[in-house]
Amino acid sequence: MTDYQTILRQLESLAASSRDPVALMANTAALLYHGMADVNWAGFYLVKDGVLLLGPFQGNVACVTIQKGKGVCGTAWAEDRLQLVPDVHAFPGHIACDSASRSEIVVPLHRGGEVCAVLDIDSPLFGRFTAADADGLAALAAKLEQFMG
Ligand code: SME
């Protein structure tokens, strides 16, 4: 099970060096990619010019832009709601950046009351993410919002 308490503490200590959003998101992607079992992609898409644009991540090359409402990430943005998808093949409009991905979790991040980015994590296993992951990642997203606010 992922140790979200430790990841939160590591993020807090990194934020003491800089609260630059790119630096924080880059290190968060690294903490999650290396701190979670069975994950093949962890990173961010940022709301820019009306689309989601690829941000800091760890994993394979990924889609550069995603339209609002499209795929799991675009749905998280449009609905402003965490998406926990046990089987990406069963998700209408899922965008297969990495054909190895089987399950996915996406958490929206906010600035000024609006979604400004999404945190996206993919796994090669079906049903990899649980309610505990949703809680842990929501807490991490809240911390990031606080630092980047
Ligand atoms: N699968 C995502 C696209 C991003 S990649 O997984 C990195 C989606 O459907 O939004």
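View 1. A polar backbone atom of Ile95 lies 2.7 Å from a nitrogen atom of the ligand, a polar contact being a pair of N or O atoms within 3.5 Å. A nitrogen atom of the ligand is also 3.3 Å from a polar side-chain atom of His94, while an N or O atom in the side chain of Asp120 is 3.4 Å from a ligand oxygen atom. On its own the ligand has 300 Å² of accessible area, of which the protein covers 99% (Shrake-Rupley method, 1.4 Å probe).

**View 2. Helix α3, residues 71–79.** Seven of the nine residues of α3 are buried, that is, under 20% relative accessible area with a 1.4 Å probe and protein chains only; among them are Val72, Cys73 and Trp77. The buried residues of α3 pack against β1, β2, β3, β4, β5 and β6, and the helix is followed by Asp80, whose phi is positive, near 50°.

**View 3. The largest nonpolar core.** This core has 28 residues, buried and joined through side-chain atoms within 4.5 Å, and Leu32, Leu109, Leu119, Ile121 and Leu137 are those with the most contacts inside it. Helix α4 gives the most to this core, with seven residues, whereas a second, separate core of 15 residues includes Trp41, Leu52, Cys73 and Ala76.

**Notes.** Residues are numbered from 1 along each chain as its sequence is written, and side-chain values use heavy atoms, without hydrogens or water. In this predicted model, local features need pLDDT of at least 70 and side-chain atom pairs count only at pLDDT 80 or more, while totals for chains, interfaces and linings use all residues.

Definitions and conventions. Buried means under 20% relative accessible area, exposed over 50%, partly exposed in between (1.4 Å probe, protein chains only). Helices (H or I, at least four residues) and strands (E, at least two) are DSSP runs, numbered from the N terminus. Contact means heavy atoms within 4.5 Å. A polar contact is a pair of N or O atoms within 3.5 Å; within protein, one must be able to donate a hydrogen and the other to accept it, and residues adjacent in sequence count only if both atoms are side-chain atoms.
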